Amino acid sequence: MFGYVLRRTLWIVPVVVTVAAVTFFLMYRAPGGPWSQEKPLPASTVRTLNAKFGLDKPLWINPEAVQAKRDDGVNNPLTLGRAYLDSQFFNYMIGVFRFDLGPSYASKGAETVQSVIIQKFPVSAKIGLVGIIFAIVVGLPLGVVSALRQNTWIDYASLFTSTIGVSVPTFVSGLLLLLFLSQNFGVSPVRRPEAWEGLGRAYLLPGIVLGLGTMSYIARLTRASMLEVKRQDYLRTARAKGVAPQGVVRSHMLRNALIPIITILGPAAADLVTGSIIIETIFSAPGLGREFVDSISKRDYSMIMGTAIFYSVLIAIANVTVDLSYGFIDPRIRVRR
Amino acid sequence: MATVAPTAPALDQQAEVSLSRVRASRSLRSDAWRQFRRNKMAMVGLGYLIFLSFVAIFAPAIAPNNPVQTDVRVAGKYRQAAWIENPNPAKSGTWDYPLGTDGIGRDVFSRLVYGTRISLVVGFIPMVVILLIGVPIGLAAGFAGGWLDNALMRLTDIVYAFPALLFFIIMQISLGDTGFGRLLNGLVLLFVTLSIVNWTGVARLVRGETLALKEKEFVEAARASGAGAGRLITRHILPNALGPIIVAGAFIVPGAIIAEAVLTYLGIGLRPDVNLNAPFPTSWGQMIQDGQKSYRNQSWILIAPSVAVALITLSFTFVGDGLRDALDPRENA
Amino acid sequence: MHHPVYPDDFDPQKSSFTNEIDILALAYEGLTRLDENQQTVPAAAESWEFNEEGTQVTFHLREGLQYSDGSPLTAENFRYAVERTCDPNTAGEYQSILFEIVGCAEFAGLAGEDATTPAAFSDDEYEAARQALGVRAVDDRTLEIQLTNPAPYYATIAYMWVFYPVKQEIVEKDPDNWWKDPANHIGNGPFTITGIDEDLLITFEANENYWGGRPKLDGIEYQYVDDAAVALESYRNGDLDIVQLEPPQIPEVQNDPELSDQYLAYPTASTYNRAFNLTQEPFTDKKVREAFSYAFDRETYCAEIRSGDCTPTLSWVPEGVPGSIETDKYGFDPEAATQALAESSYGGPEGLPEIRMFYNSDLSGATERAEWVAGQYRDLLGVTITLEPTEGTTLIDLRKSPETFPQMLLVGGWIQDYPDPQNWLSVYWKCDATFAQRFGYCNEEFDALVEQGDTSTDPEARVGFYEQAGQILVDDVPGPFLYNQAATFVVSPEVTGYTPTASDVEWPGYLGTPLTIDVNRAE
């Protein structure tokens, strides 16, 4: 078991490197750079900035630097190897493994990417947390009830709710809810900065709006897998053995129904925590999601890389957790590796 | 005959199970259709989807106005829906524009009709592709286990680890202007991106189910009675994992339609087309996005496409439920 | 006060966007400033004079100027601002605006433009270039600036943010980060920055030490709200006093019995045109350009499609700036449009190559507008245009040279830096101007006229040259001129004492009337 956990955790490293490489590749395919702007900077200024941030180095590998070192009479393979990797990508990746995600170019180096993440991520995380709690606390019972009362009005009401939840995009539902509360209950649509500190009421609405889609998905999935289990033979057997219906529900149906829920829960949690860009825009929340989208349009390379890597680590951890939790939910799915 | 006795209780159960399987497989297809037809909701859903396909195909004949052409001075900007009176004659509703007009005077109803095309395609094709990739991989990984499971799941780890929205945005920005990105106004790029991002979810879901199912008594039983891997998967595991798969499939449809709307919200959606006979002038996602900005001026720009997306979601859900019931071996038995 | 976008930085010598400037403009002040009529008036400097050739300008500072913390403000502080702007290590976005100061371009350009040599330079080179800079604090109250060429508009440039006197000892402690801490913003403007909540809120308080007296308002808050609908709702709720509007909101506001009285729109100093790549077919042909100018209904576009947030124009320099001209040449006329196209070398719409129109898809509502414009050309000229929605930064990148410059842009344009025709004409349209070079405009007659205008010290003669130059632009149709953008707001009736100017893009009156703006809260 321990070996398995270790192997899975170590696997995060190649995952992150791959994500970083693909992001890096796509990022540089996008036209423009961090200094592109309406009124052009003088060429010399661009050069100064590039030199300051190492953007004048080659993208992937740097054979020229090796040549230069050779010409200087250096033959130490380690030095030469480092020179060969003296490129934008590898310099960045080496920084990452030292927990240095680089400077933010949009602020001309005034901020480091990790400081931005440390500052902004808690807000996104809290919105996501409220979202996931809402999704489970509402979605799971909704699914259970509609499965137990299949084809009754409760079932249809739950279907109706989850259809709305999944087919209205957050930028519509968020805005409408916000305006509705403002017009009818005088809730101010814009929060003061203090409201985002701690875990206050400010997080309630954005969290719920964010969680709507996942809530619907969980409700439908729970219902579907409950019904699936309900039909299965061993349950009939359990019933035939005379176990009380309540007991049947608890010990068999729910536990088995949990498997697909758990499977999507990890990524859904990661999705919610990382996917609050639009929610943050509508609710003017100072989160990381907005920063992330902005960084793409500003070609703030290290910010893009840094957030992508940070997010991918989060998602990877969520996945490992899910895989491990299968074993706890259903002891029969044993981890045998 | 004589060998039956020693393990009677266990075999009893096995026999019952595998018998029902045999019966199911024999008449699966014709039974399924009969079963499906019995489900009213599923038929309504199917009917609606067929209706939408007709709307999409015959859009030019159905739409009262051209979806891209307008004379804003005649049509009026943000004209209200036909039944809404407004003191301003340029804004008061008329049946020439049943659902009113948008910010540059185009007929909302006609755009809704044409929007069916993209939205049907955007919802349907990625769903099919995602299921075609995700389900087999999930089944293979879950059933075979061992190195294959390991390899496939580590692959999904990598794809999964990409923050979905980042991937969307970067794909659109870096490939949007290439020949590939321009195919069908960018639809193809959208399909590919949606599929790449979403197949892992289905794959993992199916794998999880398969892992659980293959330990179940009836699968053990079928295995014991000599069923091959292919048979086990297609006859025993897949039908029992269908519920979650169908939910996932049905949810991909609105997910994809909404994803298209979100990309438009972020300014990187499909390429607009102003040709008078453009086949794909707009989509519901784009209309929702337009409507969100101007719903106070003309609320039907938002309501109409939102209802359309909700209805298509419902239909897919109903059809999905019906399919699941119809394909369920036990129900038929 | 509502702002949609939180700035990346607000460091006077590095900033360039209006949402950055309107923060700095409250907390700092240049040597001069613009009044409510966009005239250059004394600010920190009480007077200035040019030498006879117009190549040296001397500013005389007011007596007893103080920073907000009470410390003295001297000519040396302004000299540092210039030096810091030109410093290659600062690499600010408006560096080049000072390249007419002797030595500035050389100092900033130390890294060299040749990409094959290393970008490094020695400390000695740096020090020598710094010393060679043509700006000198003669005494505490006199600042002397040497210019490379006669530049009578330099007193106006001295209003700009690059001249804001940041404190050297504060900046040097942390050159990149200093501006993030409100305590470091010790300025000389009418207000002081007292609070910075990134992405959310910036607060200002009245500066008691401002030379012009204490402003009427005790404080101002800039609240950052991305979503326009949310901001407007917040305004309805009474949380905001001034809100910027987006075009789709204007009909909503105008139809609202209460809000319609609070709607405020005024033209800004910005002109937009349909930009063509003049090196690419078919816009090499002037007749085609004429046709595209004739075929565009500016009135309907501004009134209906943009809901009245712009004023049609057919010339480049906007009204209110010296050198602006009135013309009706190449205005909307569908018949003339068809005819011009028929007279072109292509003989009509059938002969034209494929035309692709690019636009910035990041902007709210841009797709609708592009669809309408392309629809007009389709219906009036019979030309089918392929729309190219392009992400903002990609578009900027495409525009860097004539090889990649889009064949046709939904809108190009210019937002003025300082209200002088030199900024409008010479900086943009001269053969050697970065902008004109990108899309391939060059007219030597035009160049000769603006050069005379740029160097002449007689204000009236200058205007004459610029007017003639402006007419040449109209005649050449390099890209049909379309409209001047308006700034649109809702302003609470409780707000008084402001006069918006064409330069006040972010909120009405931050440049001209920060002292007199006031709020009378109904109890």
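Residues are numbered from 1 along each chain as its sequence is written, while chains are lettered from A and ligands numbered from 1 in the order in which they are written. Because the model is predicted, local features need pLDDT of at least 70 and side-chain atom pairs count only at pLDDT 80 or more, whereas totals for chains, interfaces and linings use all residues.

**Chain A and its side towards chain B**

Two packed helices are described by the angle between their axes and the distance between the axes. Select helix α1 (residues 2-29) of chain A together with helix α7 (residues 146-161) of chain B, which pack at an angle of about 50° with their axes 9 Å apart; the axes are lines fitted to C-alpha atoms, for helices over the stretch in contact, and angles run from 0 to 180 degrees between N-to-C directions. The helices α1(A) and α7(B) are therefore oblique to each other, since angles under 35 degrees count as roughly parallel, over 145 as roughly antiparallel, 65 to 115 as roughly perpendicular and the rest as oblique.

Which residues of α1(A) and α7(B) meet? From α1(A) come Trp11(A), Val15(A), Thr18(A) and Val19(A), and they meet Arg154(B), Asp157(B), Ile158(B) and Ala161(B) in α7(B). Sorted by class, this contact has five nonpolar, one polar and two charged residues.

**From chain B to chain C**

Now bring in chain C, which gives 24 residues to its contact with chain B, while chain B gives 21 residues. The element giving the most to the chain C side is α12(C), with eight residues, and the residues of that side divide into nine nonpolar, eight polar and seven charged.

**The nonpolar core**

The largest nonpolar core has 330 residues, and those with the most contacts inside it are Ile169(B), Leu24(C), Val243(C), Ala291(C), Ala295(C) and Met357(C); such a core is a set of buried Ala, Val, Leu, Ile, Met, Phe, Trp, Tyr and Cys residues joined through C-beta atoms within 7 Å. Helix α12(B) gives the most to this core, with 21 residues. If you centre the view on Met357(C), the residues that it touches include Ala370(C), Ala374(C), Ile385(C) and Leu387(C), not counting residues up to four places away in sequence.

**Backbone details in chain C**

Most residues other than glycine have a negative phi, and most peptide bonds are trans. Select Glu281(C) and Pro282(C), where the peptide bond from the one to the other is cis, with omega near 0°; Pro282(C) is in the loop between β12 (263-273) and α9 (286-294) of chain C.

Move on to Ser307(C), whose phi is near 55°, a positive value in a residue other than glycine, and which is in the loop between α10 and β13 (310-312) of chain C. Is Ser307(C) buried or exposed? With 25 C-beta neighbours inside 10 Å, Ser307(C) counts as buried.

Val477(C), in the loop between α17 (459-476) and β18 (481-491) of chain C, also has a positive phi, of about 40°, although Val477(C) is not a glycine. Val477(C) is buried, with 24 other C-beta atoms within 10 Å.

**A covered helix**

End at helix α14 (residues 421-429) of chain C, which is mostly covered, with eight of its nine residues buried. Among the buried residues of α14(C) are Trp424(C), Leu425(C) and Trp429(C), and what covers the buried residues includes β17 (412-415), α15 (434-439), α16 (444-455) and α17 of chain C.

Note on methods: Contact = placed C-beta atoms within 7 Å. Helix = DSSP H or I, 4+ residues; strand = E, 2+ residues; numbered from the N terminus. Nonpolar A, V, L, I, M, F, W, Y, C, P; charged D, E, K, R; others polar. Buried ≥ 20, exposed ≤ 12 C-beta atoms within 10 Å, placed from the backbone.
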